[in-house]
Amino acid sequence: MAVTAPMNSVASSTASSHGAAATASEQRWLSFHLAGQRYAAPLEQVSEVIREGDITPVPGAAPDLLGIRHLRGRIVPVMDGRHRLGLPSNLAGDPASVRLVMLSHDSHLVGLRVDAVGELLTFDQADIAPPPPDRAEREEDPVNGVLAVGEGFVALLDVRRLCRLPEDVK
């Protein structure tokens, strides 16, 4: 497993990797921070990372839905990553680091507010450990694996479950 690049070089790293052949088991994930914990989403499902901007609240929406925002002609729901993952909601740290990670799954696009964006992780499928047993039993839990990085861990997220999309959406 290797940490490939800091976030500011993700776009150039991604662009150059499309021409290079990757091994079948190699995976690339974008990491981010929420309440002092590290999470990651598959890079192929990250459409972009943007500043928070104006978010319009939606009355009666799920508690973890911050609202909606316009993104180049599309109305995109924006979720609070801390609330969705059951983490403390008080924002600590640098507010200038807060970003929206735009996640795509099939034709769906959902923004996830994170405390800060981390690095691009590249590792083999064999490096992924299953989630703790109590998490694996909860169908709505978006954590589908754990990766040891340095002296800590990164929780790997299933974008479909994170965004609460139906199972028939591939």
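Reader: Is Glu52 buried, exposed or partly exposed?

Author: Glu52 is partly exposed, with a relative accessible area of 24%. Buried means under 20% relative accessible area, exposed over 50%, and partly exposed in between, using a 1.4 Å probe and protein chains only.

Reader: What sort of model is this?

Author: This is a predicted model, in which local features need pLDDT of at least 70 and side-chain atom pairs count only at pLDDT 80 or more, while totals for chains, interfaces and linings use all residues. Residues are numbered from 1 along each chain as its sequence is written, and side-chain values use heavy atoms, with hydrogens and water left out.

Reader: Which residue meets Glu52 in a salt bridge?

Author: The partner is Arg113, at 3.0 Å from N to O. A salt bridge is a side-chain nitrogen of Lys or Arg within 4 Å of a carboxyl oxygen of Asp or Glu. Arg113 counts as buried, at 15% relative accessibility.

Reader: Which residue pairs with Arg164?

Author: Asp64 forms a salt bridge with Arg164, the closest N and O atoms being 2.5 Å apart. Asp64 is in the loop between E4 and E5 and Arg164 in the segment after helix H4 (159–162), 100 residues apart. Helices (H or I, at least four residues) and strands (E, at least two) are DSSP runs, numbered from the N terminus.

Reader: Turning to strands, how many bridges join E11 to E12?

Author: Six bridges join strand E11 (residues 143–149) to E12, and the two run antiparallel. Two strands pair if DSSP finds at least two bridges between them. Gly145 has Leu156 in E12 as its bridge partner.
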